[in-house]
Amino acid sequence: MKGGEGKMDRKTVEKHRRMQMKALCLKLANLIPQDYISKDITSQQDHLDRAAAYIHNLTERIQKLKQRKELGGCNYMETDTEIEDSTKLGFKFPVVEVRHQDQNLEVLLISGLKKRFALHEVIAILEEGGADVVNASFSIVGNKIIHTIHCQAISSRIGLEASRVSERLQQLIR
């Protein structure tokens, strides 16, 4: 009877192995996005093939993004897409917009990812124009960097030279 128990153990071990493989295949199928798997795929082999293709696709995408990142770090010229985007919107990078109201000044600077400027120089120009920087923020949207700087007049008697500030910022950015 001892030989029969050995067979039983092998059967239960194999049954557990199959159950574990089925659970792992199900887990893998759940990790693949639903739009990547078509409705007619029913077999585990099809799910495994789709998962392998998806992983291969992700690997290629990662390599392309790494290459793009490496190329982007070395090239300081504006890319064709940046030039295209800016001309579609009706302006060319960089953009400088200065809004003056009472004792407040708002500066909006839009540049491409490759065409950058030193923010401390912008702040120095604002301070020379009689402004005290209250808030400065930036955000990256697509291939554009948008800087927004809020200022107040240092002295209400002296005020702000908004036109002079705008002119000097244009010179700096260009």
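Predicted model: local features only at pLDDT ≥ 70, side-chain atom pairs only at ≥ 80, totals over all residues.
Me: What makes up the protein, and in what order do its elements run?
Reply: The protein has 5 helices and 4 strands. Starting at the N terminus, the order is α-α-α-β-β-α-β-β-α.

Me: Why are H4 and H5 called roughly antiparallel?
Reply: Helix H4 (residues 119–128) packs against helix H5 (residues 162–173) at an angle of about 160 degrees. Angles over 145 degrees count as roughly antiparallel, and H4 and H5 therefore get that description. Their axes are 10 Å apart, and the crossing is right-handed.

Me: Which residues of H4 and H5 meet?
Reply: From H4 come Glu-121, Val-122, Ile-125, Leu-126 and Glu-128, and from H5 come Val-165, Arg-168, Leu-169 and Leu-172. Sorted by class, this contact of H4 with H5 has 6 nonpolar and 3 charged residues, with no polar ones.

Me: Why is Ala-29 called buried?
Reply: The cut-off for buried is under 20% relative accessible area. Ala-29 has 14% relative accessibility, so Ala-29 counts as buried.

Me: Where does Ala-29 lie, and what does Ala-29 touch?
Reply: Ala-29 is part of helix H1 (residues 2–31). Leaving aside residues up to four places away in sequence, Ala-29 touches Ile-37 and His-47. Ala-29 and Ala-51 are 22 residues apart along the chain, and their C-alpha atoms are separated by 7.1 Å.

Me: What makes Lys-144 buried or exposed?
Reply: Lys-144 has a relative accessible area of 16%. Buried means under 20%, so Lys-144 is buried. Lys-144 is placed in strand E4 (residues 144–153).

Me: How many disulfides does the count come to?
Reply: A disulfide is a covalent bond between the sulfur atoms of two cysteines. A pair of cysteine sulfur atoms within 2.5 Å is what the rule asks for, and by this rule the count is 0 disulfides.

Me: How much of the protein is made up of buried residues?
Reply: Of the 174 residues in the protein, 24% are buried.

Me: What share of contacts join residues at least 24 apart?
Reply: Taking contacts between residues at least 6 apart in sequence, 54% join residues at least 24 apart.

Terms used:
Residues numbered from 1 in each chain as written. Heavy atoms only, no water. Axes fitted to C-alpha atoms, helices over the stretch in contact; angles between N-to-C directions. Helix = DSSP H or I, 4+ residues; strand = E, 2+ residues; numbered from the N terminus. Parallel < 35°, antiparallel > 145°, perpendicular 65-115°, else oblique. Left-handed = near helix turned anticlockwise from the far one by under 90°. Contact = heavy atoms within 4.5 Å. Nonpolar A, V, L, I, M, F, W, Y, C, P; charged D, E, K, R; others polar. Buried < 20%, exposed > 50% of the residue type's maximum accessible area, 1.4 Å probe, protein only.
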